[in-house]
Amino acid sequence: MSDEEVYHPPERLSLHQGAAKRASIDVGPAFRLPFRQSERTSLIETDMDASTASAASLAASDSPKMSPNGQRKPSALKTGGSRRASSFHEQRRRLSFMVTKDGEDGEDEQADLERRDSPTRAVVTARAIRNPSLNNAPVSSEREKKVVKEKPKLISPGDEGEESEGDDDANSDDSDKEPKLSVSDKPRPDNANGANASTSNSTFGKQSRQSMQSDITEEGIIYDFLRKTQQWKENFLSTYLYEFCLWAYESTRVSIYVYTLMHIAILAALACILKYGIGVQVSGIFYYNLIHAVSGFLGKVSFAFGLRATQLISKEFTARNMVKRGKGVSLTSIANPIPLVKLHADEGKTLRYLFIFMLVLIEANVWFLGIKMEWTPTPSNLGTFPCVPVSYPTKPAIMPGLGNFMQGDSDLSMIYSYGLPLGDGVVGGFAAWPLSTPLKSFSITHSGVAFGVNAVCGKLEVARPGSANGYTQFKIDTMDVWSTMFAATLEVQLPAGSHNWEDFADSDITQECVVRYIMGDADIEFGFLTDQWGGVISQNLQSMDINGTTIQKDASSRYYFGAVQDLLGVNYEYENITRWIIEGTQQVFNGTSYGTSQGATFANLFQWATEPDGLYHTEYTWRGMAAAMAILAHYILLQYNDKGKTTCAYVGMKGAGVIEAPGYVVALTAGSVILCLLAELSQLFWWFLLSGGGEANDRAAKCLESPMQMFYDMRKGGTELLGELEVDDQTPRAIKTHYTDVVVRFGESRQTRANPIGMLVLGQPEK
């Protein structure tokens, strides 16, 4: 073989940067960064050229050992060949190898293998055309023959060793035959040592490694993500937006405006919580916890942002003095600011201290607000469901002994079951009966019939002799009727031992009461209670809306009968109901007596005239009379006609509530927010008038923010500036005293250029 045909292995690609430094780049490492498709094709061609040239060189060196018929000896075949080419083709063969079972998908594997090896065959064919002398050169191994041939031979993992031995004994005449795609169909040994499982695990591990290797190739998702991330980063760093953000971040003036505006926004958020969060009904206690947490967080963030804003203003004032003052500023004032608040400059010190005090005051008031904040459950709207409205086309049944029935019905009852207590009577009514039970306890709201009762009792006397019978007695003296209103005068006799008139404790006493009654229209909210078996009973009257005036259950005692009478007016529609109530009054209170029950000393019908001591109190007789009349009216109104059907608004306790706080706490917090805002605007306006910032001030302020920046700016004249202590005392106090008279100034001028002491020279790193 001639010298021109001798293959020379490629050298390393070197980049020489001088005699002392040399950087080498190895083109054949095991791990490479992703490259483009054209680069990969070029690399494959380079590897194939190296493989072919190596085979030719090996053939020239082994030519004396070949047999006369031109076949290679087995010993030469086992020791010769290009390790790099064999490793390359072995890696390609393993990557393209697929295990099949019983000949399934064989054609698909062959097509896939041909597709994968088509670039390799094209490169080898092109190389052979360019160098025809290599066509007759013997190859180093049977595997290299497979690469040169048109169709490779597919070998199963089990026959790998046998195939290697067969290649050594192969005849050169077999190379003229077209190789066929073959899959080993030998039955796998079924042993007890788990060989099949081991082979399966090995195959699974190979597939996992191949999957991982595919992720880090050019088409892999990992490199694709990293490449896109790096490209996005480079594009962003080259935009004007990044340059603007960097300039704004390094500018002290911009930072002052940003922190001030953000702190004003925090104060506005606190004001919104006080305005729209306190005293407002919300759908759940989650909002109470949220407002509680947000208000506390805003108090702390307000202190942090406000303190940072005033620190920046102080630092900017100091930077301005370093730039514009001829003598500069004291080094001690720069290195040792005021503890905690870290303020340097004297300009605007009073305003800054006042602002910091306001920040502390806001934090204290927010804490106090959180302590006093309370959650009060309130009913919420459940929806609209069917109900039966009240109507009275026929007269209700007024049974004999109605008073005893009412007395039993009022046992252990509350006044809210029949009406709402007024300052001098009771107001009540009824609107509808529910046909749905969305909750165990709920209320419905609908327009209905309302009534008002007033009772005034006086003229206390000892009962006539012989009238005592041991019971509570009632007697009607007079009665006047005006349409839907009537008034009656009654005499109530209290038995001996049941009243609080101590002078006549052993005698019956009588008291005269005047009762007035009126009816009208109102929107009534009445509560109901249901049990597990579906039973529904009326519970409590929640509220009444009479001509735009709402009377709530817990605040009804502020109203009096006169106001209710004016609101109800005259309604001729309910004259029939008024007559029925008058008839019931005659039956219950005219010449009737009621005894005690459950060992008590009073009648249940008249129990609201007693106190916890179990005795009738003559000053509360009016309450008992008004409650008894309200029970009678409620009984009549419950005798409604149930033929109609409509829809009512249902309300109930479903987690809603009101966030409440004392008024003085809210006022203190709001006042502190307003004062803090005024102090902040004052210090900002003062800074704007005196300094206003600037590029020179921003560059001078860097040394106050970063010790490394200060160290760099003091690179010239720093030794003379620092000096040495004249005494042995090197405590922080001594050092502070030593540098008190040392002044520094940022930049230099014609007058101070000759004196490097106390100068911070402005400049860029030397190139």
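Colleague: Where does Val294 sit, and what makes it a residue of that element?

Modeller: Val294 belongs to helix 11, where a helix is a DSSP run of H or I of at least four residues, a strand is a run of E of at least two, and both are numbered from the N terminus. This is a predicted model, in which local features need pLDDT of at least 70 and side-chain atom pairs pLDDT 80 or more, while totals for chains, interfaces and linings use all residues. Residues are numbered from 1 along each chain as its sequence is written, and side-chain values use heavy atoms, without hydrogens and water.

Colleague: Why does Val294 count as partly exposed?

Modeller: The relative accessibility of Val294 is 31%. Buried means under 20% relative accessible area and exposed over 50%, with partly exposed in between (1.4 Å probe, protein chains only). Val294 therefore counts as partly exposed. Its C-alpha atom is 9.0 Å from that of Leu270, 24 residues away along the chain.

Colleague: How does the span of helix 17 stand against the expected one?

Modeller: Helix 17 (residues 621-637) reaches 25 Å from first to last C-alpha, close to the expected 24 Å. The expected span is 1.5 Å times one less than the number of residues.

Colleague: Why are helix 10 and helix 18 described by the direction word they get?

Modeller: The axes of helix 10 (residues 252-276) and helix 18 (residues 663-690) cross at roughly 165 degrees and come within 10 Å. Axes are lines fitted to C-alpha atoms, for helices over the stretch in contact, and angles between N-to-C directions run from 0 to 180 degrees. Under 35 degrees counts as roughly parallel, over 145 as roughly antiparallel, 65 to 115 as roughly perpendicular and the rest as oblique. Helix 10 and helix 18 are therefore roughly antiparallel. Their contact has 15 nonpolar, 3 polar and 2 charged residues. Ala, Val, Leu, Ile, Met, Phe, Trp, Tyr, Cys and Pro count as nonpolar, Asp, Glu, Lys and Arg as charged, and the others, Gly among them, as polar.

Colleague: Why does helix 11 get its direction word against helix 18?

Modeller: Helix 11 (residues 285-324) packs on helix 18 at about 15 degrees, with the axes 11 Å apart. Helix 11 is therefore roughly parallel to helix 18. The contact is made by Thr310, Ile313, Glu316, Phe317 and Arg320 of helix 11 and by Gln683, Leu684, Trp686, Trp687 and Leu690 of helix 18. By class, the residues divide into 6 nonpolar, 2 polar and 2 charged.

Colleague: Which residues is Trp375 in contact with, beyond its neighbours within four places in sequence?

Modeller: Trp375, in strand 5 (residues 374-377), is in contact with residues including Val282, Tyr288, Gly655 and Ile659. The C-alpha atoms of Trp375 and Glu660 are 6.3 Å apart, across 285 residues of sequence. In the protein, 76% of contacts between residues at least 6 apart in sequence join residues at least 24 apart.

Notes. Contact = heavy atoms within 4.5 Å.
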